[in-house]
Amino acid sequence: MAQQIQVALLGNPNTGKTSVFNRLTGLNQKVGNYPGITVEKKEGICQLSRGKKAHILDLPGTYSLNASSIDENQVIELLLNKNDKDYPDVAVVVCEVENIKRNLLLFTQIKDLKIPAILAINMADRMTRKAISIDVPALEKALHTKIVLLSARNNEGFDTLKTQIEQYKNLPMTPCLDTTVIAPDYFKRLARTYPGQDLYKLWLVITQDVNFGKLDRTGVSGPISFQTESVGTLKKLQQKETIKRYQFINDTLKATLTVDKARATDFRSRLDRVLTHGVWGYVIFFAILTLIFQAIFDWSSYPMDFIDQSFALMSEWTKANLPPGDFTSLLAEGVLPGLGGIVIFIPQIAFLFLFIAILEETGYMSRVVFLMDRIMRRFGLSGKSVVPLISGTACAIPAIMATRNIENWKERLITILVTPFTTCSARLPVYLIIISLIIPQQRVLGIFSLQGLTLTFLYFLGFASAILAAFLLDRFLKVPSRSFFVIEMPNYKLPMAKNVLITMVEKTKSFVYGAGKIIFAISIILWVLASYGPGDFNRAPQIIDAQYIGQSLTEQERNTAIEAFRLEHSYIGRVGKAIEPLVSPLGYDWKIGIAIVSSFAAREVFVGTLATIYSVGNDDEQTIRNRMAAEVHPMLGTPRFNFASGVSLLLFYAFAMQCMSTLAVVRKETNSWIWPMGQLFFMTTLAYVVAFITYQFLS
Amino acid sequence: MATIAGMQKGQKGIIRDVDLDRIPLKLLEMGCLPGNDVTLIQVAPFNDPLYLDINGSHLAIRKEVAAQIHIDLC
């Protein structure tokens, strides 16, 4: 196989780097994690001419090589380590045409590391409209590079980019600046202490310690210590370096870039005036949220009904057509209903990811941050906490990772701790099925469905409890930290269908696979536990016959009684019975108790578990919902899921911390077991107490 | 002396001096440097944060930090 060219894609946030990545690689990409840390690693293959290929690594967006978060640190780790297998042969630095000045800061740093670099100016289609003109040959000369004008939106310039990547060996390695001029004496001393080392690289390694902590030093040999200067002096020097770089950039662009300010008429400022308005801004924001949640409930009901019925049919078909035996019943009663319990929620989850991707892509999310910062600060949060809280409605795990750009540690910690209160998509299955059982299908005011409103209320409850918990934590947590906040307000963009769809598909896929694995395993275990049992289990027919002696049962009545008896005396029935005293004050029976216990691994397991438990020994073709609706309270004869137990269950799921993956991520991000354990204990206790009070009050 | 925190909406200024001990490097990297021009585009509800155009970059910062950036008003 021919050697692949290693390409690193770098750039500031909001430059459309991901669109460029998507254009270069198409769907030929994979998303994983860097080993040991939860930073997303996106890589893909790009086809060049004559069968040659390039391996493209999409690095996290960064404003400079002075890292302040683990995502940014990943970029520097790679660029300083020549032995890394992903060390780039060539760097493609993506910048945005309206922000060239700021984007060049990173570019000059990369050039100074003597990595061959191509400057890709994206969104070039906006140049005419914004009256921007660039003297490309002159800029190429000043920066010692090749420039490619790109438009990811219109798919323009990519052939040129690919050609340049192929010919990376022709790129000049000349640095842009001589950093040593900021402190000649200091750098002279460095050169004496570490002869033969690249001074700029050395400087980055040294300052990285100041900014972020120990770096993997494999790239630079010999003992390195920054004791040569105090931290304060080094920070001053870094500021000097930044100022120096901007001088160079300003001088360079003065001669090569012209912007007709008068022509740059501002669509954005007009839109900003409305979207960040003191009244309209909030009205629009809440209208958008309501629309999203209504849509999730209303639009996805059609594909959901279809999926539900298909799985019921599949179970039926399996039973009818495969030879009877343990394997067939495992498939029909364990695996299929269990999987059905997750597949059915794909439409909703996909819609949710779709909407969040659109909010991010358009640049609207930053306006929400701006609008909410002052309010959120009252509750010990930052405006930036809004992004995790909203994306927490999809999944708490990426949401907690998204807190990394909150500069203030206390605000960040509080955000991490309260994010699991937001209604994540794993709660959705539980909510939807219970709402459909206990809330009538009516319309309010002709347009809103009552069920949709209930769901909106639950989302609202999630946000409200997160904010309230934050308020309390803010009072009691004593964490020293500095207040600082800066957010870029990017240009408004029409979301690109391709980007949005790729994000939606990727996220939904990993959600379904991740949950699917757990559900698959748990449904098999549950089926085994429900299909076998000790002692009385095996004598069910005799016991039933003895019980109903003298009464004439039809064959079907007898079978139902036997199956019910078996389930109750199976292994799972015994476990369930043992925990029943604990859950009955909340209005649940042992079956729901089992479902709750199994969903401590992941919430979405709940529906699958009930589906599996209810379908064991049940021969009729039925959907999950119908099975649940048919469950009857053994003593009262009323439906198992009535208003009181249903509401109690909804609230239990609203508050309880039932997600092992979230706990693991919190552990990683806070670097301590105290926070996740506190979350688990506090949230679960709260859930129990609230569910208890609700049930006792309503029943 | 005037700071960004004291600007009126729509006002322009030129950054004269930045309190380097209190301003994070990140803000410098985003263009907040002496000599660059700054425009206050929008003030969030409740008077904080401030939405600025600094040297062609659009960003929002809180008032406390804005009070550390001295400017000459135009």
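Guide: Please note that this is a predicted model. In β4(B), the residue that partners Ile487(A) by a bridge is Ala60(B).

Visitor: What stands opposite Ala60(B) in strand β3 of chain B?

Guide: Tyr51(B) stands opposite Ala60(B). Five bridges link β3 (residues 50–54) of chain B with β4(B), again in antiparallel fashion.

Visitor: In what order do the strands of the open sheet lie?

Guide: The order of the six strands is β12(A)-β4(B)-β3(B)-β2(B)-β1(B)-β5(B), with antiparallel pairing. From one strand to the next, the twist averages 40°.

Visitor: Why are β12 of chain A and β5 of chain B said to stand at the edges?

Guide: Each of β12 of chain A and β5 (69–73) of chain B has a single partner strand, so one side of each lacks a neighbour in the sheet.

Visitor: How many residues of each chain are in contact with the other chain?

Guide: The contact involves 29 residues of chain A and 28 residues of chain B. On the side of chain A that touches chain B, at least two residues each come from α3 (100–112), α8 (231–256), α9 (267–275), α14 (364–378) and β12 (486–488). The most is given by α8(A), with six residues. By class, the residues on this side of chain A are eleven nonpolar, eleven polar and seven charged.

Visitor: What makes α3(A) mostly covered?

Guide: A residue is buried if 20 or more other C-beta atoms lie within 10 Å of its own. Twelve of the 13 residues of α3(A) are buried, hence the description. Among them are Ile100(A), Arg102(A), Leu104(A), Phe107(A) and Asp112(A).

Visitor: How does the span of α3(A) compare with the span expected at 1.5 Å a residue?

Guide: From its first C-alpha to its last, α3(A) reaches 18 Å, close to the expected 18 Å. After α3(A) comes Lys114(A), with a positive phi near 60°.

Visitor: Why is Ile543(A) called partly exposed?

Guide: The count for Ile543(A) is 16 C-beta neighbours inside 10 Å. Buried requires 20 or more and exposed 12 or fewer, so Ile543(A) falls in between. Ile543(A) lies in helix α21 (residues 540–547) of chain A. Leaving out residues up to four places away in sequence, Ile543(A) touches Asp536(A) and Phe565(A).

Visitor: Which residues have the most contacts inside the largest nonpolar core?

Guide: They are Leu9(A), Val93(A), Ala120(A) and Leu52(B), in a core of 195 residues. Helix α13 (residues 346–362) of chain A provides the largest share of this core, ten residues. Beyond its neighbours within four places in sequence, Ala120(A) is in contact with residues including Val20(A), Val93(A), Leu150(A) and Leu161(A).

Visitor: What percentage of the residues of chain A count as buried?

Guide: Of the 699 residues of chain A, 44% count as buried. Chain A contains 29 helices and twelve strands.

Note on methods: Residues are numbered from 1 along each chain as its sequence is written. Chains are lettered from A and ligands numbered from 1 in the order in which they are written. This is a predicted model: local features need pLDDT of at least 70, side-chain atom pairs count only at pLDDT 80 or more; totals for chains, interfaces and linings use all residues. Two residues are in contact if their C-beta atoms, placed from the backbone, lie within 7 Å. Helices (H or I, at least four residues) and strands (E, at least two) are DSSP runs, numbered from the N terminus. Ala, Val, Leu, Ile, Met, Phe, Trp, Tyr, Cys and Pro count as nonpolar, Asp, Glu, Lys and Arg as charged, and the others, Gly among them, as polar. Two strands pair if DSSP finds at least two bridges between them. A nonpolar core is a set of buried Ala, Val, Leu, Ile, Met, Phe, Trp, Tyr and Cys residues joined through C-beta atoms within 7 Å. Axes are lines fitted to C-alpha atoms, for helices over the stretch in contact, and angles run from 0 to 180 degrees between N-to-C directions. The expected span of a helix is 1.5 Å times one less than its number of residues.
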